[in-house]
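Here is a report on one protein chain.

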Amino acid sequence: MDHSTGESKPTKPSIARHLPLAVILIVALVGFLTLRDYLTFDTLRNNREALLAYRDANITLMALAFIAIYFVIVAFSLPGAAVASVTGGFLFGLVLGTGFNVLAASLGAFAIFLAARAGLGQVLATKIETSDGTLKRLKQGLHDNEISVLFLMRLVPAVPFFVANLLPALVGVRFFNFAFTTVLGIIPGAIVFTWIGVGLGEVFDRGENPDLSLLWEPQIIGPILGLSALAALPMILKALRGKKEI
């Protein structure tokens with residue numbers, strides 16, 4: 001009896017470690033199927049007057065509610081992150097809106113990272129560490145260039161935000177480096193989306209929706225790609241000098 005009890009105990013925490021990520025994935029799927037028609041610019045347009053009135057009467061509560069809702073959207077990978085970012089500029093202006101957007105998105109990213117690292121990430125990192133050959137060399141190369149790679153994942157618009165949150169946790173990236181590069185790396189994009197939100201009232205008055213393709217305009221994407229090149233520079237120099245494997 002003692003032996004059977006001892007054998008069953010280790011399985012419980014093992015299963016429990018995977019629960020946070022499992023909950024996130026389930027909620028993300030349910031949210032994608034049920035909320036994609038609600039977290040839209042049309043919803044924002046239809047409720048703009050009520051939102052602005054509540055903001056004017058309760059700016060602190062509105063700010064806290066906005067951060068909490070945006071955090072939930074990011075933490076559970078729900079649809080509507082772009083709408084939330086633009087809403088930050090619409091409600092709070094460029095400076096406060098950018099700050100709230102970066103804060104909420106960063107906290108949501110931290111939640112995904114920690115949930116993934118506690119379960120699946122820990123298992124994969126252990127397997128990679130004990131493996132031989134190419135997989136282990138790739139992990140070592142990632143760790144040698146961790147800051148640069150993480151910055152690139154944040155700055156390159158082609159990398160989905162959810163992937164940039166989840167993948168680092170699965171390969172054993174250090175949390176401090178993840179947090180540091182997340183906060184700084186999302187600032188350029190946050191400024192662009194918040195800036196779009198600042199002029200959202202005029203867009204709604206014309207009966208239109210904001211043009212999010214602005215992010216791909218040369219004057220916007222150019223500086224972001226320039227920052228990406230700077231982030232990649234240390235890796236390029238290491239490769240050219242032949243001192244490190246990438």
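## Fold and surface

The secondary structure of the protein comes to 13 helices and 0 strands. Helices are DSSP runs of H or I with at least four residues, strands are runs of E with at least two, and both are numbered from the N terminus. The model is predicted: local features need pLDDT of at least 70, side-chain atom pairs count only at pLDDT 80 or more, and totals for chains, interfaces and linings use all residues. Residues are numbered from 1 along each chain as its sequence is written, and side-chain values use heavy atoms, with hydrogens and water left out.

Of the 246 residues in the protein, 38% are buried. Buried means under 20% relative accessible area, exposed over 50%, and partly exposed in between (1.4 Å probe, protein chains only). The protein exposes about 13600 Å², and carbon and sulfur atoms supply 69% of that area. Areas come from the Shrake-Rupley method with a 1.4 Å probe; for residues, only the protein chains shown count as cover.

Contact means heavy atoms within 4.5 Å. Among contacts with a separation of 6 or more, 78% join residues 24 or more positions apart.

## Annotated segments

An unreviewed UniProt entry places the feature "transmembrane region" at residues 21-39, 59-78, 90-116, 147-171, 178-200 and 220-240. UniProt positions follow the numbering used here, feature names are shortened, and annotations may be inferred rather than shown by experiment. Two of these segments are tabulated.

Helix α8 (residues 146-155) is mostly covered, with 7 of its 10 residues buried. Among them are Leu150, Phe151, Met153 and Leu155. Glu146 and Arg154 are buried too.

Helix α11 (residues 187-198) has 12 residues and reaches 16 Å from first C-alpha to last, close to the 16 Å expected at 1.5 Å a residue. The expected span is 1.5 Å times one less than the number of residues. Buried residues of α11 include Val192, Phe193 and Ile196.

## Aromatic pairs

The whole structure holds 10 aromatic pairs. The ring centres of phenylalanine 113 and phenylalanine 178 lie 4.3 Å apart with planes at 20°, so the pair is stacked. This pair links distant parts of the chain: phenylalanine 113 sits in helix α6 (residues 81-130) and phenylalanine 178 in helix α10 (residues 175-185), 65 residues apart. Both phenylalanine 113 and phenylalanine 178 are buried. Rings of Phe, Tyr and Trp (its six-membered ring) pair if their centres lie within 6.5 Å; planes under 30 degrees apart count as stacked, over 60 as edge-to-face and the rest as tilted. Phe66, Tyr70, Phe92 and Phe100 form one aromatic cluster.
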